[in-house]
Every structure is written in C-alpha cells, then in structure tokens.
Amino acid sequence: MKTYIARRLLALVPVALVVATVAFVLMHLAPGDPASVIAGPDASADDVRRIERQLGLDAPLPVQLVRWYGRLVRGDLGDSIFLRKPVTEAILDRVEPTLLLTLCATLLSVAIGVPAGVISARYHNSATDQAFMVAALLGVSIPNFLLGLLLILCFSVWLGWFPVAGYSPLEYGYLKTLRSLVMPAFALGLVQSALIARVTRSSMLDVLREQFITAGRAKGLAERAVVYKHALKNAMIPTVTIIGISFAILISGAVVVEQVFNIPGLGRLIISAVLRRDYPVIQGVVLCIAGVYMLINLAVDLSYIVFDPRVRYQ
Amino acid sequence: MSTEGARRPLGVLPDSRGIAAPAIPPQTLAGPQSRRGPGWLTLITRRKTTALGALLMLLMLLTGTLAPLIGGDPGYMDVAGRLQAPSRAHWFGTDDVGRDVFSRVVYGARLSLLVGAAVVVFSFAVGVVCGLLAGYYRRLDNPVMRVMDGLMAFPAIVLAIALMAALGASVVNVIVAIGVVYSPRVARVVRGSVLVIRETSYVEAARALGAADLVLMARHVMPNCLSPVIVQASFVFAAAVLTEAALSFLGVGVPPYVPSWGVILAEGRLYIQQAPWLVIYPGVAIMLTIFGLNLFGDGLRDLLDPKIRGLTSERQQT
C-alpha cells in the first residue's frame with residue numbers, strides 16, 4: 001500500500017513539471033512582451049529594456065525557465081501587472097466564492113445524481129428509467145452558462161425569486177451567501193448530476209448482475225436490502241471516482257458560471273486578466289486550478305485504497 | 001460546460017489519471033443480427049434515439065452549409081429597429097443594434113460546424129500521429145505520453161482560455177486552442193489500441209515479410225485502431241462546439257463581430273430582462289446540436305463498442 005501511494009506521488013512529478021512548463025511556454029508564446037505591456041504605449045525603448053531587466057526577461061529562455069521552477073517551488077507566482085500586488089494574494093482574495101460555488105454544485109450534483117442513477121438501475125428499462133436517462137442526456141447537452149442564463153430568465157426575471165446576479169460574501173451572513181449561490185450551483189451542478197446519474201446507473205446495473213446479488217436474493221433478503229445495502233456499496237467505486245472528478249471539473253466550470261452571475265471568483269479574475277493581458281495572473285490562476293485538479297485526481301486514486309480492497313493488496 | 005466541460009461528454013475519453021472511463025454496457029445490438037451485416041443506414045435508424053441524433057446533425061449540417069440561402073446578412077444593423085420582439089419580419093427578434101437574430105443564429109450554426117469539424121480534424125491528425133508513435137515505438141512512449149498527461153492535467157476550458165490569451169482572438173486560434181486541448185485525449189485512445197494491435201500476429205507477419213515501420217503503421221496498425229477512435233469524433237465535435245460557445249461567451253473566443261452562438265448569448269445576457277429571445281434562440285440551437293451529437297455518439301459507440309468489435313470486423317471482411 002505504501003509503495004502504491006509512493007508510486008502515485010512520484011508519478012505526479014513529471015506531470016507537474018510538464019504543467020509548469022506549459023504555463024511558462026504559453027505566456028512566452030503571447031504576442032507583445034510583458035515588459036512593453038507594463039511600460040505602456042508611450043514608454044521609450046530604454047524604459048522597456050529596464051523593465052525587462054527588472055523582471056529578468058532579458059535572460060535566455062532556459063535560464064528563465066529554471067528560475068520559474070525555482071519561484072514556483074517557493075510558491076511565488078510573481079506580481080500582477082495591473083492589480084499591483086502578488087498573484088498569490090490576488091488569487092487568495094478571489095478563492096472563496098469559487099470554492100463555495102464548486103462545493104455547493106458538487107453536493108447538489110451528488111444529491112440529485114446518485115439517487116436518480118440508483119432508481120434508474122433498480123427499475124431498469126422501465127418508463128422511469130428511460131425518462132431519467134433521456135433527462136440525463138438532455139442535461140449533459142445544456143452548457144452550464146446557458147443553463148445559468150435560462151435560470152436567471154426564469155427565476156429572476158419572470159418569477160423574481162432570486163437576485164439576478166451577484167454574490168454575498170460569507171462575512172455578511174451564511175444564509176445570504178447561500179441564497180446568492182442557489183442558482184449558480186444549480187447551473188453548474190445539474191449537468192454534472194446527469195453525468196453522475198449515468199455512471200451510477202451503469203455501475204449499479206453491472207453489480208446487480210453479480211452472483212452475490214443473486215445469492216442475497218436467494219437467501220430471501222428483501223429487494224430493498226439487496227439494492228440499497230449490498231449493491232449500492234459495491235457500485236459506489238466508479239461513482240466516488242466520478243464525484244471526485246466532478247469536483248475538479250466543476251472548479252473549471254465555475255470559471256464560466258461566475259461570468260454569468262457576476263460572481264467575483266477565480267473565473268472573473270482570469271477573464272479580466274486575459275482581457276487586460278495581465279499574463280502573470282493568467283499563469284497563476286491556470287496553475288492554481290491545474291494544481292487543484294491534479295491533487296483531486298490523486299486523492300481520487302488514493303481513495304481506491306479505502307473503497308476497493310483489491311487495490312490494497314496489489 | 002462548462003463546457004467540460006467544459007464538461008467532458010459522458011464516459012468517453014479516458015482520463016489523464018489513468019482511471020478507466022466507466023464501462024457502459026452495450027445496450028443494443030443483439031449479436032446474430034449484426035453478423036449478417038445490415039447497411040449503415042439500417043444500423044443507425046434501427047434505434048430511434050440514434051436516428052433522432054442523426055436527424056438533428058443533418059439539420060445543423062444543412063443550416064450551416066446553406067446559411068446564406070436561409071438567413072439574411074447577419075451583420076446588417078438597423079438601429080431604429082433594435083431589441084424588437086420576434087415577429088414575421090424577424091423570426092427570432094432583433095438584438096441591441098438591430099441585427100436579425102435568426103440570421104445570426106443560422107450563421108452561428110455555420111461557425112459551430114466549422115469549428116467542430118476543424119477541431120475534429122486537427123485533434124485527430126495530431127492525436128492519431130502522437131498515439132501511433134507513442135504506442136508503436138517504446139522509446140517515444142514515455143516522453144510523448146508525459147507531455148499529453150501534462151496537457152490533460154489542465155481542465156479543458158482553463159487550458160483553452162490560457163491558449164486563447166496567448167494566441168489572441170480569431171476563429172483559427174479558437175480551432176487551434178480547442179484542438180490542442182482535445183488532441184491528447186485522442187492520442188491516449190489511439191495509443192491504447194496500438195499497444196494491443198502491435199502484438200497481434202498479423203502485424204508480426206507483416207513485419208516478418210519485411211514491411212517498413214511506416215507501411216506497417218499506415219496499412220496495418222492505424223486502420224485497426226481507428227474504430228474506437230471514430231466513436232470519439234462525435235464527442236470531440238460536441239465538446240468543440242461547447243467550448244467554442246463558452247469561450248466566445250466569456251469574450252475570449254472569436255472576435256465579437258463574428259456571429260457565434262456564444263457571442264449572441266454574451267450580448268443577450270446584458271439584455272436578458274428586455275429581450276429574452278436573445279438568450280432563448282441561440283440557447284435552443286446549442287442544446288439541440290449538442291443533444292443530437294450526444295445521441296448519435298451514444299448510438300455509434302454501441303455500434304462500434306470495442307467489446308463487440310469482433311462482430312464489426314467480421315462484417316467488414318464479408
């Protein structure tokens with residue numbers, strides 16, 4: 001087991017290295033070097049040169065790359081060009097809404113998706129099953145930002161139940177925050193719940209065909225006990241995987257949904273940075289999200305140890 | 001979708017972490033029937049959902065290719081008639097500068113079609129070559145696949161945004177950015193099947209007969225690893241359409257003057273209270289397109305499922 005964990009951790013190193021390199025290369029691909037962006041349109045060539053030297057942009061690329069790794073290891077993402085503060089600080093300022101939104105959306109998608117999948121599998125090929133699966137397929141066909149817009153149209157513009165957009169930070173009260181996150185979380189989570197429902201259903205169907213299920217039924221267990229106790233527990237492995245991956249996917253989905261609801265999170269940060277060519281911020285947010293994504297995937301892999309004893313003995 | 005997501009369409013594209021995509025049991029295709037090999041059209045239309053998917057795709061294809069015949073000039077502004085509700089003159093209403101939303105949605109189909117198709121071609125070209133090389137030459141396997149893993153460690157939409165930031169807004173750059181995002185996913189699937197096919201006796205036989213590596217790969221390995229990949233095409237297409245719409249919606253995709261569903265939605269968001277049709281019609285267009293692609297892709301996957309590929313290849317031989 002220890003070797004398994006160690007192996008997984010080691011496997012992360014080359015990926016992280018590639019990720020860091022990609023982020024570095026991306027920003028050096030960009031047209032217009034950062035120095036002239038900082039210096040502004042009226043700056044003289046000398047000014048630009050001076051800023052280049054300050055930022056270390058005059059060094060050869062490989063040297064810059066090595067320095068970049070060094071800074072990353074120390075957790076230094078550089079300074080924002082426009083916000084005039086370190087990128088890490090800018091990210092920390094914006095992380096709360098994004099994390100809360102992702103969390104709410106994940107919970108919501110699990111709360112809808114798992115029961116839907118289980119019921120679908122239990123009544124396999126029935127009208128309920130087919131209705132659920134068509135709904136799920138429709139669900140995965142709606143992009144989250146579109147769903148967000150439709151929710152705004154329906155519940156804010158027409159019914160007036162929720163604020164059109166905006167976010168209320170935690171410090172102004174949990175309930176207010178929750179209220180401002182209801183629609184965004186739905187917009188973000190509903191699509192994922194469709195995915196979770198489909199995965200849960202197919203994994204339940206697989207498990208329900210196993211011999212121990214037949215054995216359970218043969219010894220006279222109630223169908224409920226068979227489905228909800230024996231089958232569900234065994235069917236959860238792929239579902240747990242997909243829940244973990246969901247959280248990771250939803251973080252990046254939040255980037256888009258935030259834009260719909262004017263939520264000041266990481267998504268708004270990166271989009272405004274793209275529009276202002278604030279490369280360090282783009283780089284920082286991308287790395288941050290990719291890092292979280294990688295760690296969650298690692299956690300998902302490691303969770304097999306808990307959920308699937310077969311992995312433990314490999 | 002986020003666009004995967006953007007959301008990743010269901011259970012396809014295996015993940016970077018090496019977690020196998022959850023297996024979905026083939027739900028259709030009773031074995032003996034397909035042995036005789038009915039035509040493609042019969043296979044597709046046998047299942048109603050697949051047929052519906054094909055129909056929706058056909059609708060989009062026709063709308064996209066015939067856009068100039070169906071819609072008017074998507075850029076024509078009639079400022080006096082701005083934000084008009086749908087009427088006989090303007091079926092889908094007009095936008096904030098008086099452009100006809102119907103024409104813009106129709107031309108949006110054209111853009112989506114273009115982006116979707118181009119991304120499929122791009123990501124397949126890059127993905128198949130990388131996958132073949134990585135699967136065939138053991139020496140290349142590690143370096144190529146580590147780069148692919150690294151690219152896949154980024155969430156799709158975030159990588160696409162970053163690429164767009166680096167490349168700048170244009171239709172071609174959108175295609176390149178989304179293509180780069182999805183190539184590694186194709187490469188992974190290809191490599192997986194190459195690893196299996198490389199060890200088969202017919203490849204060994206061809207090698208024994210003195211076939212050069214390139215010939216081997218092109219004539220024997222590639223054709224046989226394509227069928228699991230082709231299934232991905234409709235999902236990559238759907239993901240590309242979604243990602244383009246999301247990028248354009250965020251304002252980092254195609255330039256604002258290009259009629260794109262995402263661009264229309266971004267404008268519609270600002271006028272959602274006065275002019276809901278700006279959101280509804282392009283929204284329905286996106287939904288129907290993705291729904292069609294997903295239905296069709298699901299059907300296609302069941303038809304070409306690697307688990308029942310024995311049947312398919314038998315059919316090809318007869």
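How much area do chain A and chain B bury between them? The two chains bury about 5,000 Å², 77% of it on carbon and sulfur atoms; buried area is the accessible area (1.4 Å probe) that two parts lose on being put together, summed over both. This is a predicted model, in which local features need pLDDT of at least 70 and side-chain atom pairs count only at pLDDT 80 or more, while totals for chains, interfaces and linings use all residues. Residues are numbered from 1 along each chain as its sequence is written, chains are lettered from A and ligands numbered from 1 in the order in which they are written, and side-chain values use heavy atoms, without hydrogens and water.

**Interface**

- Chain A brings 61 residues to the contact and chain B brings 55, where contact means heavy atoms within 4.5 Å.
- On the side of chain A, Phe145(A), Leu149(A) and Tyr293(A) lose the most area to chain B, together 11% of what that side buries.
- The interface has 1 salt bridge, that is, a side-chain nitrogen of Lys or Arg within 4 Å of a carboxyl oxygen of Asp or Glu.
- Asp298(B) and Arg198(A) form a salt bridge, at 2.9 Å from N to O.

**Nonpolar cores**

- A nonpolar core is a set of buried Ala, Val, Leu, Ile, Met, Phe, Trp, Tyr and Cys residues joined through side-chain atoms within 4.5 Å.
- Buried means under 20% relative accessible area, exposed over 50%, and partly exposed in between (1.4 Å probe, protein chains only).
- The largest core holds 146 residues, and Ile270(A), Ile282(A), Ile161(B) and Trp261(B) have the most contacts inside it.
- Helix 10 of chain B (residues 213–250) gives the most to this core, with 17 residues; helices are DSSP runs (H or I, at least four residues), numbered from the N terminus.
- Leaving out residues up to four places away in sequence, Ile282(A) touches residues of both chains, among them Met27(A) and Ala162(B).

**Charged residues**

- Glu244(B), in helix 10 of chain B, is buried yet has no salt bridge.
- The nearest side chain of opposite charge to Glu244(B) is Arg104(B), 11 Å away; Lys and Arg count as positive and Asp and Glu as negative, with His and the chain ends not counted.
- Arg104(B) forms a salt bridge with Glu267(B) at 3.9 Å, N to O, and both residues are buried.
- Asp149(B) and Arg146(B) form a salt bridge at 2.9 Å, and they lie 3 residues apart in helix 6 of chain B.

Notes. Helix = DSSP H or I, 4+ residues; strand = E, 2+ residues; numbered from the N terminus.
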